[in-house]
Amino acid sequence: MPSIPDSKPCFTAEELDLLGRTADALSAYMGKPVLAEVMDAEETGFEWALFAVPLGTEDTVGDDQTIVQVGGAGARLLGNRGGLDIDDGFFDCEYLWAIQLSTLEGVRFIKIDQGGDEIAWTDNLREILPFNLIDEALPDDDEDDDEDVDDDDDAEDQAPGSPRHLH
């Protein structure tokens with residue numbers, strides 16, 4: 001059985017950045033704010049981050065939805081907060097999923113679904129996030145522009161309606 005370390009597991013600065021960028025990517029993908037909040041290790045013995053969507057006043061809550069409160073005084077919210085002005089207020093939100101830190105050997109991250117079930121575990125955070133966020137710079141698009149030049153002579157040689165073949 002693995003030994004439990006003396007200190008409580010906490011996210012690194014890089015992991016927090018990745019979780020914040022994931023919340024921002026989810027906000028853009030879903031077209032609505034997604035909040036990510038880190039829960040303190042003092043409460044549970046380890047840090048964990050939950051992802052949730054704020055409910056509007058017109059939203060109805062179904063029996064299959066898990067509702068959580070996100071925000072409040074001293075909350076550690078990640079990313080751009082879905083563009084919301086939160087300050088010290090809190091939001092009733094639909095819980096999406098959470099990432100819990102672990103002290104198990106070879107398992108640093110555990111993903112928890114809406115039912116509270118552990119659905120994935122890994123030592124690599126990127127393996128359980130919904131997007132493959134890259135850290136390195138994207139290639140310069142100008143390099144591809146030279147290859148995309150149309151050859152008007154080829155277009156004239158083809159019969160109308162025939163498929164155009166690329167060389």
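**Figure 1. Strand S1 and its cover.** In this predicted model, strand S1 is mostly covered, with five of its five residues buried. The cover extends to both faces of the strand: Leu35, Glu37 and Met39 are buried on one side, and Ala36 and Val38 are buried on the other. In a regular strand, side chains alternate between the two faces of the sheet. S1 is joined to S2 by five bridges, and the two strands run antiparallel. S1 also pairs with strand S4 (residues 76-78), again in the antiparallel sense, over three bridges.

Figure 2. Ala36 stands opposite Leu78 in S4, and in S2 the bridge partner of Ala36 is Phe51. Phe51 in turn has Trp97 as its bridge partner in S5. Val38 stands opposite Ala49 in S2. S2 and S5 run antiparallel and are joined by seven bridges. S2 is mostly covered, as six of its seven residues are buried.

Figure 3. Ala49 lies in S2, which spans residues 48-54. Its relative accessibility is 0%, so Ala49 counts as buried, the cut-off being under 20%. Beyond its neighbours within four places in sequence, Ala49 is in contact with Phe11, Leu19, Glu37, Val38, Trp97, Ala98 and Ile99. Leu77 is 28 residues from Ala49 in sequence, and the C-alpha atoms of the two are 9.2 Å apart in space.

Figure 4. Val34 is found in the loop between helix H1 (13-30) and strand S1 (35-39). Is Val34 buried or exposed? Val34 is buried, because its relative accessible area is 0% and the cut-off for buried is under 20%. With neighbours within four places in sequence left aside, the contacts of Val34 are Ala23, Leu26, Ser27, Phe51, Ala52, Val53, Arg81, Gly82 and Leu96. Val34 and Gly83 are separated by 49 residues in sequence and by 9.1 Å in space, C-alpha to C-alpha.

Figure 5. Nonpolar side chains tend to be buried together in soluble globular proteins. The largest nonpolar core here has 21 residues, and those with the most contacts inside it are Phe11, Leu19, Phe51, Trp97, Ile99, Phe109 and Leu125. H1, S1, S2 and strand S5 (90-101) each supply at least two residues of this core. H1 gives the most, with five residues. A second, separate core has 14 residues, among them Met39, Ala52, Leu77 and Ile110. Leu19, one of the residues with the most contacts inside the largest core, is in contact with Phe11, Ala49, Phe51, Leu78, Ile99, Leu125 and Leu129, leaving aside neighbours within four places in sequence.

**Figure 6. Cys10 and Cys93.** Cys10 is partly exposed, with a relative accessible area of 37%. Cys93 has a relative accessible area of 0% and is buried. How many disulfides does a search of the whole structure find? The search finds zero disulfides. A disulfide is a covalent bond between the sulfur atoms of two cysteines.

**Figure 7. Confidence along the protein chain.** The mean pLDDT of the protein chain is 80, and 75% of its residues reach 70 or more. Strand S6 (residues 109-112) has the highest confidence, at a mean of 96, and helix H4 (residues 152-157) has the lowest, at a mean of 51. Over residues 158-167, pLDDT stays under 50. For residues 158-167 the model has seven contacts beyond four places in sequence.

**Figure 8. The protein chain as a whole, as context for the close-ups.** The protein chain holds four helices and seven strands. From the N terminus on, its elements run α-β-α-β-β-β-β-β-β-α-α. Of its 167 residues, 31% count as buried. The chain exposes about 11100 Å², of which carbon and sulfur atoms supply 47%. Among contacts between residues at least 6 apart in sequence, 54% join residues at least 24 apart.

How values were computed:
Residues numbered from 1 in each chain as written. Heavy atoms only, no water. Buried < 20%, exposed > 50% of the residue type's maximum accessible area, 1.4 Å probe, protein only. Contact = heavy atoms within 4.5 Å. pLDDT = per-residue confidence, 0-100. Pairing = 2+ DSSP bridges. Disulfide = S-S within 2.5 Å. Areas by Shrake-Rupley, 256 points an atom, 1.4 Å probe, with all protein chains shown as cover. Core = buried A, V, L, I, M, F, W, Y, C linked by side-chain atoms within 4.5 Å.
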